[in-house]
Amino acid sequence: MQVTVIDGQGGQLGAQLVREINAQLPQLTLTAVGTNAAATAAMLKAGAKQAATGENPVIVACRRADIIIGPIGIVIADAMLGEVTPKMAAAVGQSDAKRILIPMNKCDTQIAGVPDMTTAALMEDVLDRLRKLTEKNAD
């Protein structure tokens, strides 16, 4: 399974995802894509074996991914203080991949009906969903 983690800004959420996925689901092929160099560097430091930065890598990774994981802003053009381009948002939204979007109530986007959760609780939920998706495909 090809899992793509996309993050921006400082890349801390993406770095935490990379660490947890590598530790708990090491059999997955993981690609990290940052909307900027700082995010990519953080995910590489966290253990990503493959990583790239920018609009075209997001587009290519979304074509190749079975599962895309990232903050909800990756499907909103101009989110993350403008780091998510319209082409990036379209690539994520139009991908055939399953998406696990993390409801970060930041950057002027609030998700109704979703309580504020700690990053640790969000991470646990992401990993549970990722396990379920990979188990379904393994059957």
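**Close-up views of a predicted model**

**View 1. Thr-4 and its partner across the strands.** Thr-4 has Thr-31 of β2 as its bridge partner. Keep in mind that this is a predicted model, not an experimental one. As a reminder, strands of a sheet pair through backbone hydrogen bonds, in either a parallel or an antiparallel way.

**View 2. The whole sheet, strand by strand.** Here 5 strands make up an open sheet, and reading across it gives β3-β2-β1-β4-β5, with parallel pairing. At the edges sit β3 (50-53) and β5, each of which pairs on one side only. Neighbouring strands are turned against each other by 20° on average, ignoring direction.

**View 3. A salt bridge along helix α6.** Now for some side chains: Asp-125 and Arg-129 meet in a salt bridge, at 2.8 Å from N to O. Both belong to helix α6 and lie 4 residues apart, which is about one turn of the helix. Searching the whole structure turns up 2 salt bridges.

**View 4. A positive patch on the surface.** Four residues gather here in a patch of positive charge: Lys-98, Arg-99, Lys-132 and Lys-136. Two elements, β5 (98-102) and α6 (119-138), each give two or more residues to this patch.

Key: Residues numbered from 1 in each chain as written. Predicted model: local features only at pLDDT ≥ 70, side-chain atom pairs only at ≥ 80, totals over all residues. Heavy atoms only, no water. Patch = residues over 30% accessible without salt bridge, like charges linked within 9 Å, V, L, I, M, F, W, Y side chains within 5 Å. Areas by Shrake-Rupley, 256 points an atom, 1.4 Å probe, with all protein chains shown as cover. Lys, Arg positive; Asp, Glu negative; His and termini not counted. Charge placed at Lys NZ, Arg CZ, Asp CG, Glu CD. Pairing = 2+ DSSP bridges. Axes fitted to C-alpha atoms, helices over the stretch in contact; angles between N-to-C directions.
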